[in-house]
Amino acid sequence: MTHQSTLLSTLDERGYIHQATDAAALDALAQTQVIPAYIGFDATAPSLHVGSLVQIMMLRRLQQAGHKPVVLMGGGTTKVGDPSGKDESRKLLTSDDIAANIAGIKGVFERFLTFGDGPTDAVIVDNADWLDRLNYVEFLRDVGRHFTINRMLTFDSVKLRLDREQPLTFLEFNYMILQAYDFAELARRSGVRLQMGGSDQWGNIVNGLELARRMDGAELYGLTTPLITTADGGKMGKTAAGAVWLNADRVSPYDYWQFWRNTQDGDVVKFLKLFTDLPLDAIARLGAVEGADINQAKIALATAATTLLHGEEAAEAAEETAHRTFAQGASDENLPSLATGGEIGVVAALVGLGFASSNGEARRKIGEGAVKVDGEPVSDPHLVVTVGDTPVKLSLGKKKHGLLTR
């Protein structure tokens, strides 16, 4: 389908569109008015990770196309837990935990969106503002009657758990109703016309627009992104050290830059389109390079993606650090560091720097000959590294380097 609006044309060209409820009508609407659109983010941790970045970039594309992003914090739904794609129930968080997580998450959006009071300025809202005030019996009567158990049992979030004979609590079973109610409530409160999300949210989004139509006669739209996987079929954003968090206190700008620099060859063009603002013609030129020159495209990806999240200065520092470390063999103060108190076991150091996810993995890497201390190979997993006034460089393979400090 050829889109006429800047919004859908951009989303399509850059690879964000998987499904849409009525793409033609949404395309026409986007040409005639500012569309307030939202994506929800539950506050299950103090930081979002790279797995949420495609959704954040969707909101950025929306604003760049002249529309209004609405960031929905799940202060209410986090108390329930989204069963989508999960084999077991999430740990229930306290209200204080959720509030602290929301505080940690909010800052990331300011890097990608412009906030304010203008017609296309982004806003942040919290569904606890309405979900926490619901009268249960009234809610069941007014909202629950629009849902059938028969249909709810057909949704993937429910079927997955039941097919695997994993418990699905009544609390979680209600999640899809609450998310649907969010869409209807945001349409009432903020004039929201569009909900976006990952492909696993399709059923929840459709529930919401159908609920709003039945309750209020509202005409709403839904749009989902494809599941973003790596060229080898793996889940995007997972590394041996765990999730790639967006907050700098959890993953440093240098490590974030390195994550993108280590992109597989087959993913470079796709990730440049999704996760950077580089023009499509520039991306096409980068995608046309062959052989070792693909590394220049990876560096462009890493620097552009890091600039969006951490700023130009941090991105350039990370690129320079990588150049000094790999091309010149020098240690640099911008490398990730670990305070040791004067000495540390090499296994503990690998885990502490995030180079290995467990002691067992660290020992295996040592056994494979992949670990070096100040350029010297390490073969003994019981080695204790002594650190004086000068930091010691610990390396895993050719791409991971860190400093051990006193």
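What share of the 406 residues of the protein chain count as buried? I looked this up at the start. The figure is 48%. I note here that the model is predicted.

**Entry: overview**

I went through the secondary structure next. The protein chain has 18 helices and 15 strands. I took the contacts with a separation of 6 or more, and 73% of them join residues 24 or more positions apart.

**Entry: helix 1**

I began at residues 6–13, which form helix 1. Which residues are buried there? I found Leu7, Leu8, Ser9 and Leu11. I then checked what lies over these buried residues. The cover includes helix 2 (23–32), helix 3 (53–64) and strand 6 (221–225). Just after helix 1 I came to Gly15, which has a positive phi of about 90°.

**Entry: Gly66**

I moved on to the loop between helix 3 and strand 3 (68–73), where Gly66 sits. Its relative accessible area is 29%, so I logged Gly66 as partly exposed. The cut-offs I used put buried under 20% and exposed over 50%. Leaving aside residues up to four places away, Gly66 touches Val34 and Thr120.

**Entry: helix 10 and helix 11**

For packed helices I wanted two values. Two packed helices are described by the angle between their axes and the distance between those axes. I took helix 10 (residues 175–190) and helix 11 (residues 202–216). Their axes come within 8 Å and cross at roughly 55°. Are helix 10 and helix 11 parallel or oblique to each other? They are oblique. I noted the crossing of this pair as right-handed.

I listed the residues in contact. Helix 10 brings Met176, Gln179, Ala180, Tyr181, Phe183, Ala184 and Arg188. Helix 11 brings Asn204, Ile205, Asn207, Gly208, Leu209, Leu211, Ala212, Met215 and Asp216. Sorted by class, this contact has 10 nonpolar, 4 polar and 2 charged residues.

**Entry: helix 15**

Helix 15 covers residues 294–310. I tested its length. At 1.5 Å a residue, its 17 residues should span 24 Å, and the end C-alpha atoms are 24 Å apart, which agrees. How many of the 17 residues of helix 15 are buried? I recorded 13, and the helix is mostly covered. Just after helix 15, Gly311 takes a positive phi of about 100°.

**Entry: helix 12 against helix 15**

I then looked at what packs on helix 15. Helix 12 (residues 253–261) meets it at an angle of about 140°, with the axes 8 Å apart. Angles over 145 degrees count as roughly antiparallel. Helix 12 and helix 15 are therefore oblique to each other. The crossing of helix 12 and helix 15 is right-handed.

From helix 12 I listed Pro253, Tyr256, Trp257, Trp260 and Arg261. They meet Asn295, Lys298, Ile299, Leu301, Ala302, Thr303, Ala305, Thr306, Leu309 and His310 of helix 15. The residues of this contact divide into 9 nonpolar, 4 polar and 2 charged.

**Entry: helix 13 against helix 15**

Helix 13 (residues 268–275) also packs on helix 15. I noted an angle of about 20° and axes 10 Å apart. Helix 13 and helix 15 are therefore roughly parallel to each other. Helix 13 passes helix 15 in a left-handed crossing.

On the helix 13 side I found Val268, Phe271, Leu272 and Phe275. On the helix 15 side I found Ile294, Ala297, Lys298, Ala300, Leu301, Ala305 and Leu308. By class I logged 10 nonpolar residues, no polar ones and 1 charged. I compared the two lists for helix 15.

**Entry: Pro391**

My last stop was a loop. Where is the place of Pro391? I found Pro391 between strand 13 (384–386) and strand 14 (392–396). Pro391 is partly exposed, with a relative accessible area of 36%. Not counting residues up to four places away in sequence, Pro391 touches Leu403, Leu404 and Thr405. I also checked Asp374, which is 17 residues from Pro391 along the chain. Their C-alpha atoms are separated by 9.4 Å.

Note on methods
Residues are numbered from 1 along each chain as its sequence is written. This is a predicted model: local features need pLDDT of at least 70, side-chain atom pairs count only at pLDDT 80 or more; totals for chains, interfaces and linings use all residues. Side-chain values use heavy atoms; hydrogens and water are left out. Axes are lines fitted to C-alpha atoms, for helices over the stretch in contact, and angles run from 0 to 180 degrees between N-to-C directions. Helices (H or I, at least four residues) and strands (E, at least two) are DSSP runs, numbered from the N terminus. Angles under 35 degrees count as roughly parallel, over 145 as roughly antiparallel, 65 to 115 as roughly perpendicular and the rest as oblique. A crossing is left-handed if the near helix is turned anticlockwise from the far one by less than a right angle, and right-handed if clockwise. Contact means heavy atoms within 4.5 Å. Ala, Val, Leu, Ile, Met, Phe, Trp, Tyr, Cys and Pro count as nonpolar, Asp, Glu, Lys and Arg as charged, and the others, Gly among them, as polar. The expected span of a helix is 1.5 Å times one less than its number of residues. Buried means under 20% relative accessible area, exposed over 50%, partly exposed in between (1.4 Å probe, protein chains only).
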